Amino acid sequence: MKFSASLLCLALGSLALVAADAIEPVTVKGTKFFYKNGTQFFMRGVDYQPVKDKNNPDPLADGDGCKRDIAYFKQLNLNVIRVYEVQTTNNHDECMNALAAAGIYLLLDINTPKYSINRADPVYDTTLYQYGMAKVNMFSKYPNMLGFVGGNEVTNDKTNTNASAYVKAFIRDMKGVLAKNKVSLPVGYAANDDLDINTNLQAYFACGDETDRADFYGINIYRWCGSDTTFSDSGYDKVLADFTNYPVPVFFSEYGCITAGVRKFTEVQAIYGKEMTDTMSGGLVYEYSEEGNNYGLVKIDGNSVKTTEDFSNLKSEMAKINPKGVTESSYNPSSSDAATCPQVSKDWQASATLPPTPSQSACDCVSNTFTCALKSDDDSSVGEILGFICGKMDCGPISSNPYNGTYGVYSTCNATVKVNWALSAYAKSAKNSAEACDFNGSAQKVTASSDSDTECKTKTDTISSGDSSSSSSSSSSSSDAIVLSVPAFAQLASVFVASVGLYAAL
């Protein structure tokens, strides 16, 4: 039995090596992607999020389903899939190795609907930072990782441009985590196509220091509809013109008409033709599986896959393409200069000054100074309490204001810390009287272990490199412990305090 077990381990190890050796890293230089051998890389991709379990949406944890679908990816001549949501509690080795063996890369969204920046009430705190850090550490070990999407359509019109400051800070910090790990993987942004904000949005994510700006820019675009559509009447010519001198790679992170019934995908010839390949790096079709929205290339029923007419049309168009790029050795970017940041105005409310990197050390430290705290983390009166306190005193230390680029020293703490800071500050102003720490029975006095937060204000965390060699299961355990420790009411309190800071300036 020992001999057999040893042979099995050797065989599994060999399989992993085969998967790793079957695919070579892709890197970014200037405005283009390149294979390790110097050939330019163009994305021939699809957005991939089949939902087998609504309570655990994670296609990369379904090894059998993943291998089933790879056969169809090959028929479409794909080399990339974009996945929007995975769970950190799952193991993804089987699927990732199978994709690598097939020469297919992964573009992964870091955020999930549960752990992301809310465009209506944006907050970036220690919870999201630690969740993102755990996820990039978990996936950066795979040789077929192409990159990470740090935000998808968060700012989607003129009413929520302030949210971009928080997204850009999150991208900066995820880049920092990878750099600490000595991992060369890009982190970028995927935008919707809105003519009112496109110019400012494109500039914002490509402006500033290289450590601050996005490493790539994706566009979710649905302009090309109908087989008679042309390069110019689709507006593709104007899209191309917008990015002629853009400093980072650009591609279509979603494309495919969504209003004309059966899709012909004639835009494929333009995306991979000579008019666009000098500026654009390909794209990803939305989407692989039919999920109730009539955009699917296939319909999945259990383990059965049925291709649609859309699939046949895309397969035909993808078979015709042969994009011509440049070699890395002959490519010398004319400039690595950043874009110019848009001016803050009524129509663009995100300053070039970004929120700080969340510091759990600072948040833990100030928590030791609290003399008043909520009795229950899920108290429904949190918003009312904060409204009263911040109407009576300065809540600057826990407030954020992306409009003028000012962020309180505890503005990135989770909402529990923020609320208890406000309660303690208010109680202190009333000399810690019993009445000042009551709020109709919602709060209570607590014993502080420190009298001053002076030291807390200077505390920063060293970005953790994690253990990229550890198994997915062990990595996810610590991640989930971090994430689930935050009370459900937390977003409400953070939202309120962020809003106080923003609207005071307008």
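**Salt bridges in a predicted model**

Aspartate 109 forms a salt bridge with arginine 82, and their closest N and O atoms are 2.8 Å apart. A salt bridge here is a side-chain nitrogen of Lys or Arg within 4 Å of a carboxyl oxygen of Asp or Glu. Aspartate 109 lies in strand 6 (residues 105–109) and arginine 82 in strand 5 (residues 80–83), so the pair ties together parts that are 27 residues apart in sequence. Helices (H or I, at least four residues) and strands (E, at least two) are DSSP runs, numbered from the N terminus.

This is a predicted model: local features need pLDDT of at least 70, side-chain atom pairs count only at pLDDT 80 or more, and totals for chains, interfaces and linings use all residues. Residues are numbered from 1 along each chain as its sequence is written, and side-chain values use heavy atoms, with hydrogens and water left out.

Where do aspartate 109 and arginine 82 sit, buried or exposed? Both are buried. Buried means under 20% relative accessible area, exposed over 50%, and partly exposed in between (1.4 Å probe, protein chains only). Arg82 and Asp109 also belong to a network of salt bridges with Glu254.

Now look at lysine 52. It forms a salt bridge with aspartate 62, with the closest N and O atoms 3.7 Å apart. Both residues lie in the loop between strand 4 (43–47) and helix 2 (63–75), so the pair ties together parts that are ten residues apart in sequence. Lysine 52 is exposed, at 68% relative accessible area.

Glutamate 455 pairs with lysine 459 in another salt bridge, at 3.5 Å between the closest N and O atoms. Glutamate 455 is exposed at 53% relative accessibility, while lysine 459 is partly exposed at 31%. The whole structure holds 14 salt bridges.
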